[in-house]
Amino acid sequence: MNSFQGGVFQQDNARPHIAVVTQHVLRSVDMLPWPARSPDLSPVEYVWDTIGGQFQRLPQPALTVPVLTDQVQQAWNSILQSDIRHLYDTMHARLLACIQNSSGYTGY
């Protein structure tokens, strides 16, 4: 059974998304049509950026999947609810900036 069964995914054709191994996995899932270089309006992108920033400060990379899984979980759990709320509260401004800039760079 595919662990992605029932999921619908979005990707913007960034280099990691078009790698052969990625394309192999994504063959079996439903994908939303999404143009390349589209603006990232999904708040989860900012959450992942926060997690990525935490990973950059680690003294060494995880050497096993269980360690990596634990590190991701710890980073996820450390995100403040106020930060999540801020992303939610600024969504209207993000959308408006995107519309005003014809889907170009918004500064967000």
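Which pattern does the chain follow when read along the sequence? I read it as β-α-α-β-α-α-α-α. I counted 6 helices and 2 strands in the chain. Helices (H or I, at least four residues) and strands (E, at least two) are DSSP runs, numbered from the N terminus.

**Entry 1: the basis**

I noted that this is a predicted model, in which local features need pLDDT of at least 70 and side-chain atom pairs count only at pLDDT 80 or more, while totals for chains, interfaces and linings use all residues. Residues are numbered from 1 along each chain as its sequence is written, and side-chain values use heavy atoms, with hydrogens and water left out.

**Entry 2: the whole chain**

I looked up burial, where buried means under 20% relative accessible area, exposed over 50%, and partly exposed in between (1.4 Å probe, protein chains only). Of the 108 residues, 15% count as buried. The chain exposes about 8,600 Å², and carbon and sulfur atoms supply 59% of that area. Accessible areas come from the Shrake-Rupley method with a 1.4 Å probe; for residues, only the protein chains shown count as cover.

I then turned to contacts (heavy atoms within 4.5 Å). Among contacts with a separation of 6 or more, residues 24 or more positions apart account for 47%.

**Entry 3: the salt bridge**

I searched the whole structure for salt bridges and found 1. The term requires a side-chain nitrogen of Lys or Arg within 4 Å of a carboxyl oxygen of Asp or Glu. Here the side chains of D89 and R85 meet, at 3.3 Å from N to O. Both residues lie in helix α5 (residues 81–89), 4 residues apart, about one turn of the helix. An α-helix has 3.6 residues a turn, so residues three or four places apart point the same way. D89 is partly exposed at 48% relative accessible area, and R85 is partly exposed at 47%.

**Entry 4: the aromatic pair**

A search of the whole structure gave me 1 aromatic pair. W48 and W76 form this pair, which is tilted, with 5.9 Å centre to centre and 50 degrees between the planes. The pair links distant parts of the chain: W48 is in helix α3 and W76 in helix α4 (residues 65–78), 28 residues apart. Rings of Phe, Tyr and Trp (its six-membered ring) pair if their centres lie within 6.5 Å; planes under 30 degrees apart count as stacked, over 60 as edge-to-face and the rest as tilted. W48 counts as partly exposed at 43% relative accessibility, and W76 does so at 41%.

**Entry 5: I51**

Leaving aside neighbours within four places in sequence, I51 is in contact with A75, W76 and I79. I51 and V72 are 21 residues apart in sequence and 7.3 Å apart in space, C-alpha to C-alpha.

**Entry 6: helix α6**

Which residues are buried in helix α6 (residues 91–100)? I recorded R94, A97 and C98 as buried there. Seen down the axis of α6, its buried residues fall within an arc of 100 degrees, so they line one face of the helix. The arc is that of the directions from the helix axis to the C-beta atoms. What covers these buried residues includes α3 and α5. The face turned away from the buried side carries the exposed residues H92, I99 and Q100. Just after α6, S102 takes a positive phi of about 50 degrees.
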